Amino acid sequence: RGEVMATRTAPKKAAASKNRTPGPSLGQLSVATQDWFGRVFKAQSREFYQLLSLIIFLTGFGLVMVLSASFVDALKDGENGFSIFIKQALSAIIGLFGLAVISTLRVTTVRNLIGPILAVGAVAQLLVLFTGFGASGNGNRNWLNLGGFTIQPSEFLKIAMILFTAQLLFKREDEFDDPKRVWWRAIANGGFVMFLVVLGSDVGTVIVMAVILIGMLIMAGMPRRLITVIAGLAIVFVPVIMMSSSSRRGRILAWLDPSAPDPNGYTWQSTHGIWAFASGGITGVGLGQSKLKWSWIPEAENDFIFAIIGEEMGLIGALVVIVLFIATAMVMIRIAAKCNNLYSRMVVLGVMLWITLQALINIAVVLTLLPVLGVPLPLISQGGSSIIAILAGLGIVLGIERENHLNPGRATRARR
């Protein structure tokens, strides 16, 4: 009787199993993931793999240093010691995934998105400045508060400015002898973007953007006469902008005369940053063993993370970081040399200037060669918007190198 019942119920179970839609197994998901990574990262050029390796190493190293530098501050704020690190790790994961996806986009696809990227970035920055969604910190109004998380639109405006400038130079490559239609127009467009940022008092970001823009124009062949005019304008207006804020003016005067009385503590951060390097010596005190991060250095996990690197890893560790940024710049210069059109070349050089010059400014600030400007160390300092934006820019560079590798003999001027 039991056999008969089993026989009667078997067809019903079989029918039910036929009607049920099978979901993907873990094995199938693993195979699909491997296939996707294979399509994205396999059979690429040497420069592609070199740049990707440097990106992954700098990002991983940055996470380790953020964990070391932020643990004390997180506990001091009554949070879990890993809270800042977890947020940064999530941002890095989002950024690396975005890098992988963006690197598969065709150059023409990215070019078609320049207008929307610039428009969204500008609108987001205007929301920061003129609505209740804007958030302030350390004297700057530069963040967009969206409930549980914040975004810094100015970081993404750097990408928009680089892409827009490269597009303008590419379209007007035959008109380089006309300063108004090419060079001054590029400066005006970039100046508008920087004006939106400077309204939030973030002069450090504006300085980085200005250096990127002028560097791109010089590399594109801007005449020396115009370079001289721009340098003269910078000599006049930069001091005015730098002195427009009382706190900024105090930091600059303290930097110019560090031995003067400092009742407002403008030199506190810089002085203790130098102490961190002195404490680290040649080989450092050991990872996680910094003493100056115990509330002696403000923004230890952010703008002054290089000081923690110098203390915990010594002169050797600090030099290794500098060498890694130099290597990243050299790889991107080689990628730019392989590009078959001006647009791709200028995008690669723009991202290269962004990362290397921002790193140079950050390191110079920590070493007291420049006044404190509030500029993070790319891929290493804590900051979700910064790491996502930089990884997105590097994804565009990897996508350009992918096309270089697939089309090594393409005509010099791509079709518009």
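Trainee: What share of the contacts in the protein chain with a separation of 6 or more comes from residues 24 or more positions apart?

Mentor: Keep in mind that this is a predicted model. Its protein chain has 15 helices and three strands. Among contacts with a separation of 6 or more, the part from residues 24 or more positions apart is 72%.

Trainee: Let's turn to one helix. Where in α10 does the kink lie?

Mentor: Helix α10 covers residues 224–242, and its 19 residues reach 26 Å from the first C-alpha to the last. That is close to the 27 Å expected at 1.5 Å a residue. There is still a kink of about 30 degrees, shortly before the proline Pro239, and it lies at Ile235.

Trainee: Which helices do the buried residues of α10 pack against?

Mentor: Start with the buried residues themselves: Leu226, Ile230 and Met242 are buried in α10. The partners of the buried residues of α10 are α8 (183–198), α9 (203–220) and α11 (246–256).

Trainee: Is Thr205 buried or exposed?

Mentor: Thr205 lies in helix α9. Leaving aside residues up to four places away in sequence, Thr205 touches Asn142, Gln152, Ser154, Lys158 and Val197. The relative accessible area of Thr205 is 5%. The cut-off is under 20%, so Thr205 counts as buried.

Methods: Residues are numbered from 1 along each chain as its sequence is written. This is a predicted model: local features need pLDDT of at least 70, side-chain atom pairs count only at pLDDT 80 or more; totals for chains, interfaces and linings use all residues. Side-chain values use heavy atoms; hydrogens and water are left out. Helices (H or I, at least four residues) and strands (E, at least two) are DSSP runs, numbered from the N terminus. Contact means heavy atoms within 4.5 Å. The expected span of a helix is 1.5 Å times one less than its number of residues. The bend at a residue is the angle between axes fitted to the seven residues ending there and the seven starting there. Buried means under 20% relative accessible area, exposed over 50%, partly exposed in between (1.4 Å probe, protein chains only).
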